[in-house]
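Please examine the sequence and the structure shown below. The briefing that follows is grouped by topic.

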Amino acid sequence: MPSPPEGLAAQLLSFAEQLREEGVAIGTSELLDAFAVLREVEWTYQGEFREALAATLAKSQDDRRIFELLFDRFFFRAVEMAAVREGVERPGDDTGDLSELSETELDALRMQIAQALRDGAEGAMRDLARLAIATFGQQEQGSGVIGVDVQRIRRALGLRAEPQPELPPDDPRRDGVPRDALRRFEQMMRRELERRQVQRSGKLPPSRPLGELDRALPSGPLQDLAAVHRVVTQLRRRLATQGRQNRGYRRHAHVDVRRTMRASLQTGGVPVELRYRPRRPKRPEIYVLCDVSTSVTSASVFFLSVLHALHDSFRKMRSFVFIERISEVTDVFAHERDFRAVSERISSDAGVADISGYTDYGRVWMELLELIGDDLHPRATVIVLGDARTNGRDPRADLFGQVASQAGRTFWLNPEPQLYWNYGDSVIAAYERYCNAFECWTVAQLEEFVKALTRPVVSAAG
Amino acid sequence: MGAEPASSADVATGLASVGYLPSESTALVAYLATKLGKPVLVEGPAGVGKTELAKALSRYLGRKLIRLQCYEGLDEAKALYEWNYRKQLLRIQAEASDTGWETVQQDIFGEEFLLARPLMSAIASEQPVVLLIDEIDKTDQEFEAMLLEVLSDFQISIPELGRVSSTTHPVVLLTSNNSRELTEALKRRCLYLWLDYPCLEHELAIVKLHAPDLDEAVAQRLVEVVGMVRELDLKKPPSIAESIDWARALLLLGAKDIDAATFNETMSVIVKHRTDMDIVAERVGLKLAETVDAQPA
């Protein structure tokens, strides 16, 4: 890392540069604003400085989240960088080696920390974090990985968010320490350990990018729920924007009297030019069919959650899951919005795996035709998500063709990379004749697809 | 009349004096908006006081509030200005038939025939105003593009009349409920403020400000319960306005404590969806019952 130029302006610029690297769109005008703003606030006071910068640089909730993460890291690093350059030794490290403390003294310390966490006393927590590291986290025992050390110290302190009823009643840890306070405390310890590491090695650890959106779809059902939610909300907003662009103004039917009259003034009150009302777009009707056998289950549930989060863009939406037979799950999504709860309910209630637990596409098409065959019409869209692996059973592509011919549009989403298609028992080629097949194993691909889907139907495809 | 704040602390006390308790960042951004004359884009969930902020600012700064409520299909004619064509038609008809077209044309495109809509009146106003463009996310992108000229130069061009530019600098607030992503171009011209549900102490202060007679303990309990309810995954989490309503309802009922029974009776003030009510009754109601059992009063 090249050493950044000195001075506040230069620091700000390199901060903006880092934000840009994380995908926050910062233009020159934003930077000019930031400087203009800094003339109005006391930038020696961290709270105002930070808020003022955030107001000018981070223009959405997502940007703001990245801003918060980077702000701490950047200015922390900037300070450390300066310290390393100047060779300043931070005072306050002379707490010395406290590992000699007796067990009762250690207990008193544990008690004191837990009490501070319960009270949420910021200043006390910071000092105690330093003390805790001096006591429990000597360098020679340290694993070198900060996250591991933090957790080790937390365990040594006996801090847990859950109640610990076996402790004596006067112990502040008995009812569990507040979760946020615990998180803040861990953050402080992390910061302190980082600082020590920097001081020891005399250089900064490499900074890691935060990028998140380009990751593969969650593969474990409970993997990083927060990330899933974030993606869903983000998608939702993007789609809402995108939907608007394509609406209306295509074919017009009704004369807008008011606007016609206004236009007629150009011609002295004679309505020569007719003005029309924009036509409201038709929202598509959607039938989603998702494979929930173990190989693709999380991709399916994730996809269903995304679609249900967007249900207002569709006129009607019914969702089914299948393994050997199919089962409707529209209601599950109507009532539960928690990703975890949904996947649990699908696996427990849907009752889709009968005997072998292997996907049986032939039977699925048959049951699907029975269930919705009469409802399908040219304005309906059918989406299938599955890996098209039949486990050697008859794919019955003819039945699928029948579904596809009754529906207006048919899509197939395959959560396997295209490289693996048609290898082994994958028969996607047989179905591909009747539908558009998409590769869909990253969030970006999914987003592309959902975009295409929510675009209003212009004319019904035969 | 008009207050001229000198720091964000001034804005904070000023807003508090007109019945709006701003958070630190709100006060700061409001202060910057008055200083730099840049529009502020306020985003956040429904009912956290976005619109209220604009009203409070107008009261505090002693400026008139001009509000433009956006909706799908809002166009320039309803936002900027419109020729009063009925009047123009009447004028043409009232004209004797021998008057030349030239004279009539000169006549009918005068200010007398112009209907000023909110943006126009904000810009043409002699006194500085607070302009609130509410729920900008409800409009389409074309309208947003049209706003760009207004927001960056504070001027409007009318082909028949010429350019109207503002003599004073209005404080502009745009609010958005996040139902769609706004364009980068618009965001670029604004300061950004995210309003979220306030923390417990802050909300307690707000509730006390609006329902001063409410018992201290009840108020404390109320904000805790509301906080609990917000933690649940609801269709519509209770807003600040609803906590205030609830506080007033409890005051009317003369409640001494929020126990399970009171909660179930008055829950409909803060929760407004049937499915939500089930969830809340189940989770929060139970929790309340437990705590009452644990500490018999």
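Chain A contains 17 helices and six strands; helices (H or I, at least four residues) and strands (E, at least two) are DSSP runs, numbered from the N terminus. This is a predicted model, in which local features need pLDDT of at least 70, side-chain atom pairs count only at pLDDT 80 or more, and totals for chains, interfaces and linings use all residues. Residues are numbered from 1 along each chain as its sequence is written, while chains are lettered from A and ligands numbered from 1 in the order in which they are written.

**Confidence in chain A**
- The mean pLDDT (the predictor's confidence in each residue, from 0 to 100) of chain A is 73, and 68% of the residues score at least 70.
- Among the elements of chain A, the highest mean pLDDT, 88, belongs to helix α15 (residues 397-406) of chain A, and the lowest, 55, to helix α9 (residues 225-245) of chain A.
- Residues 210-224 of chain A have a pLDDT below 50.
- Where pLDDT is low, the predicted coordinates should not be read in detail.

**Contact between the chains**
- In chain B, 29 residues are in contact with 32 residues of chain A; contact requires C-beta atoms, placed from the backbone, to lie within 7 Å.
- On the side of chain B that touches chain A, α2(B) gives the most, with seven residues.

Definitions and conventions: Contact = placed C-beta atoms within 7 Å.
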